[in-house]
Structures are given as C-alpha cells and as structure tokens.
Amino acid sequence: MKNEKKYLFDDPKNVKRVLHILYGCCALLLILDFVIHRHVMHSWENLWGFYPLYGFVGCVILVVVATWMRTFLMRDEDYYENTEMNNSANTNNEKLANKLTSETGDHHVDD
Amino acid sequence: MWMIEIPAFVPFFIGALIAAFTRGVLRNALMIAVPIISALHLWMVPEGIHLQFAFLDYQLSPYRVDKLSLMFGYVFHIAAFIAIIYSLHVKDTVQQVSAMLYAGSGLGAVFAGDLLTLFVFWELLAFTSVFLIWARRTQRSYVAGMRYLIVQVLSGVILLAGALFYAAENGTLAFGYIGLDSIAGWLIFIAFGIKCAFPIAHNWLTDAYPEATVTGTVFLSAFTTKVAVYALARAYPGTELLVYIGAAMTCFPIFFAVIENDLRRVLAYSLINQVGFMVVGIGIGTTLALNGAVSHAFNDVIFKGLLFMSMGAVLHMTGKINGSDLGGLYKTMPKTTILCIIGAASISAFPLFSGFVSKSMVMSAALEEGYDWIWLMLLFASAGVFHHAGIKIPYFAFFAHDSGIRVSDPPKNMLFAMAIAAGLCMAIGIYPSALYSLLPYDTGYNPYDATHVLAQTQLLFFSALAFVWLNLRGKYPPELRSTNLDFDWVYRRAMPRVLQSMFNTIWKTDGIVRDKIKAKLNFSSNYFAEKNNRVSGLLSKSNPLGSMAMWVAVVLAVYLFLSFIK
C-alpha cells in the first residue's frame, strides 16, 4: 500500500474542499436572488428562492420515486436472457451460439 | 454548375464503397476526407430544389435545400466527421461501411423533398444502422438488433402507408406541412413518432443503443432520432399534442436513468429526455420554439455524441460499462474525465455550455405561450437531466468508490474526436451567435441575460446540492446489477408468454377435440363394420348363394307378373 500513488480525491480533505466550494456557491446564488433584479414571466418566479427550492426538492423527489420504482421494476440482470437466448439458441445451433458468447464475452470491444 | 446537383448523401455512399475496398492508412485518410469534402460542397449549395424528376404521376425531388434541412445537414456532417475520427482504430470493415452508409442515409432523409424519397432513406437508416449493433457479435446484440430492426421497419411501413394515403388525398407527394387532420396525417405522425422514441414506442432505443459497438453507438446517437425530429419539425410544427408528448418524454426517462446500471443505457434514456425538449418546441410551434427545437437538436448531436464517446472510451479500455463495476477512473483517465465533464455540463445546460443556449429557448417559448405546467415539467426535467447525465455519469464512472481499475486514456484518435466535440460544445455556449445565424428564423433571442443565467445556475447548483445531501445520507440508490422493466417488458416478456400459453391452450384443446372426434369416428365406423360384418347385410362383404337364388326367383316372379298385366 505504501508505494500506491496518492490521487487527488484519496485525501478526504480535498473532497471536503470541493463540497465547501459547492456550499459556498449555493449560498452565494441564494443571496444573488436579492441583488439581481429579474424580469419575470411567471408569478411563481417572484417567490423567493423558487429555482433553488424547485431544483432541490425536484431532485429529492426524483431519487425517492426512482428508488421506490426499483421495488417493482427491478429484476435479475439476466431476466430476459433466459428465454430470449434459449429461443434463438434452439433455432440456431445451440452449441455454436454458446461458443460464440463464451468466446467473445458480453462486454467485448469492437476490434 | 453541375456539382450542385449531387445530393449530400452521394459522397458518403461513395465513401462506403471506398471503405469496403481499402485498408489501413489509405482508408482512414479517405474516410476523414469524405465528410470534409461533402461539408464544403454543402456549404456552397444555395437554397432551393436541385434535383427533380417525374415518377409515375408524381414529382419527386430527392434534393431540396432550405434553412431547416441545412441545419441538420451541417450537424450531420460534424457528427459524421467526429464519429469517423473516433472510430479510426476500428479494423472491422462491416462497421466502417455501414457507418458511412448510415450517415449518408441520414443526410438523404433530411434533404428529401418528397415522401417517397423520405421513405427510402427512412428504411435505409434502419438497414444500415443495424449492422453497427450486430457488429458487436454477441448473442445479446444479435437479438437486440433484431428487435431494433423490426421496430424500425415497422415505422417505415407505416410511413409508406401514410404516404400513399397522402398521395391519394392531395395528389402530390411533396413533403411539407402535413398536420393531423387526415388518416394520412396520423399514419405519418405515428411513423415519425416511433423513430422519435415517443413514450411506449421508445424502448427500441434504450434496448439497442447500449448493445451496439463502442463506436457504433456514437453514430447511432446522432442520426436516427434527429431525422425524426427534423421530420416532425417539417410536417407538424404547432401541433399541440406534441407539447404533451414531448413533456412526457422529458420526464419519465429520468426516473429510469437514475436506477439504471449500464451507463450507456443511462445515456440512452437521457437521449429520449433531450429529444423531449425538441418535441415540445416543435409542438409549441412559434418561431422561437422552433428555433429552440432545431438548435437543441444541433447541440444534442454534439454533446450526446461526446458523452457516448466518453463512455465508449471507458468501455473500450476497461471492458466494463456498468456503474457497479466502475469508479475511480479519474486517476488514470484524467483527459477522458475532463472531456466527459464538459459533455455533462453541456447536456445539463450550464451557462457557457451549448445546452444552455438552445434549451432556454424552448423553456422561454413554453412560458410565453402560457404552457405553465409544461414549463414546470421542463424545469423538473432540466434538474433531472443534470442529476442523471450531468452528475451520475461522470460520478459513477470516474469517481465514487475506487474500483481498482487502472487503465490509461483511450487511443489518440478517440481523445481527439472527444476534444473536437468538447471544443464545439464550449464554442457554441460562449459564442451562440454563430449557431443562431444558421437558424431558420430570426428572433433576436439572447440567452445571456441575468435572469436566465441566475435561474438556471440556481436550479443546477441546488440539484447538485440535493445529490450531495442524498449521497452523504446514504439515500442515493446504489448501482445494482439488474434489469429494470420498462415498456419493452410487454413485447419481450408478456406478449411472448401470453402468445405461448395461448398457443399451448389452442394446441391442447385442438388435440383433445381431435382425439374426441377421432374416437367418435372410430366408434361409429366400428359399429357399422360390425353391423355389416354379418352375412347378407346391406353392406356386407359376402352374401350366401341362397339369397342370390331367392333374388333371381323374385326377378323372375316380377317378370311373370308384368307379362300378365300386359
């Protein structure tokens, strides 16, 4: 482990730094809401912090709903393979098809 | 000048021929030359119809140039150029040839001035591109390519049917505004919709693109859907239905993208999301909205290409593309990381990157025309696209937990292609006037006013904050090896199952009914056989001599009787 090269984010301090920059930017953007006069086209845009709030809440909802969707949408990685591969392997030459997939692998590069 | 009459697809088809018969450095040089020469040629072509002939009773115009088609023509040249450089290391002739034919077909379709020519290139797009999927030469890519081909050809057949109806109704095949007030209009609309990945018809894209080869996906992401966007912009601008379809397209894929593990499939979902913005723009149909749709298509080709290239580079170098297998690649692939982040910033529409200057037009147009709810959906989708394409893609590939994989940056040609795309993304973002000058309408739109910039930056930064917050609290869904069910479940699992059990029942009942009838028939034939097996029955095999003698006696008696009557 000693001679393993240290990279930028191997040091937790650097991660912290990036996060602090992000927090700082967010705070600055909120403050700018007071400073910059915006010409609005929609009444909701007048609400203080509409965009920041919408962005934050929207993303949280997105992730929560997506995580919930996993409960009924998620299946095994080879869910479709069992039927589809078998069907085509039966119609072709089963051995040949198996050989083909085992030789090239499922993450083959193109050349 | 006779040169004008050479349609834009011809150089690419010639290029395909060259690619088939040359090898090595010569092939590479010629393939790079093709898009450059063709682009220079296109640059000099004035607007108008340059090729026209009569076919049966109809005027066909396979080469029509106007501002709308030129816009797509230019970006297809850029995309082809970048993708060709990206795939210079590929020695597989099948891929090189089909890529050239595919790019040419895309160009043929956008310059088609009539529906019949459009149909021809529409189908060519399908038949040429499927080889980019099959070229991966796995069982998975073979079946995915088959499904892709079936859907694409179906779209073409519907288009042909629509074109025939259209010709019968209007007496012309000219490809212009069509609208939804006839059967022809609806048929063509559905055909375009399938290729445009409308909801429910979208799974061919998320199914096939991630199964294609590293370089094939880069080509695929550029042409097919954008041809469909072009066709919609030409035939259905201002169709209100498109606003709602487009809004749905921007929103639902982001949920799937968040939980998807295959990072190229994440990009495929976000491709649908971006096309959604274009479709909304076309649906709104004002000059600003149409400009937004077209310019967003232009930018999307480049930044989505860049993202697919960066993920392709990861797949090429590591042999892995699942988020669960990757991470920490920034350590040894720093250039790819930076280029990927530029693509991510562009698709997320950060100010000074290309997505910002085009997406904001569609959003502004939605507000101007009073589509408040649609605007809110688009805003949600903007935050969402940043979440899954802007953060998730670079984060899980290059950062996150260290997967221990240490591979170097990809070959120079791949890096160079990505650098061109990244440069364009930033150039368009910083100096949008160049892009705006190519647009079909002059709206005098300026994306860089304080309101827009502040609003978009706030939205994005707080989306990032949400990601950080969720991640720190451990609420962010981890990357898991899985298949997520989508609408394709209906035709990949449910329908085969239903059909299988249906046919099973049919064969079974058929068998039972046959057996029953056979038993009945056997029984009755046995019955008759037995009945007639006795001597002297009606159908008996043999009769005794005595009965014959009796019958002869009867005949003679009848004779005798008749003679008495006489």
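Hi everyone, let me start where the two chains meet: β1(A) is joined by two bridges to strand β3 of chain B, residues 483-484, and the two strands run antiparallel. If you want one pair to look for, A:M74 has B:N484 as its bridge partner in β3(B). Please keep in mind that this is a predicted model.

Now, how many residues does each chain give to the contact? Chain A puts in 49 residues and chain B puts in 60. On the chain A side, the elements that each supply at least two residues are α1 (12-35), α2 (50-73), β1 (74-75), α3 (81-91) and α4 (94-104). And which of them has the largest share? That is α2(A), with 16 residues. Sorted by class, this side of chain A has 29 nonpolar residues, 11 polar ones and nine charged ones.

A word on chain A itself, then. Its elements are four helices and one strand, and along the sequence they come in the pattern α-α-β-α-α. Chain A has 111 residues, and 14% of them count as buried.

Let's move to chain B.

I'd like to finish with one helix, α12 of chain B, which covers residues 287-318. From first C-alpha to last, its 32 residues reach 46 Å, close to the 46 Å expected at 1.5 Å a residue. Where does α12(B) bend? The bend is at B:D300, and the angle there is about 25 degrees. Is this helix mostly covered or mostly open? Mostly covered: of the 32 residues in α12(B), 30 are buried. And if you follow the chain just past the end of α12(B), you come to B:G319, which has a positive phi of about 75 degrees.

Definitions and conventions:
Residues are numbered from 1 along each chain as its sequence is written. Chains are lettered from A and ligands numbered from 1 in the order in which they are written. This is a predicted model: local features need pLDDT of at least 70, side-chain atom pairs count only at pLDDT 80 or more; totals for chains, interfaces and linings use all residues. Two residues are in contact if their C-beta atoms, placed from the backbone, lie within 7 Å. Ala, Val, Leu, Ile, Met, Phe, Trp, Tyr, Cys and Pro count as nonpolar, Asp, Glu, Lys and Arg as charged, and the others, Gly among them, as polar. Two strands pair if DSSP finds at least two bridges between them. A residue is buried if 20 or more other C-beta atoms lie within 10 Å of its own, exposed if 12 or fewer, and partly exposed in between; C-beta atoms are placed from the backbone. The expected span of a helix is 1.5 Å times one less than its number of residues. The bend at a residue is the angle between axes fitted to the seven residues ending there and the seven starting there.
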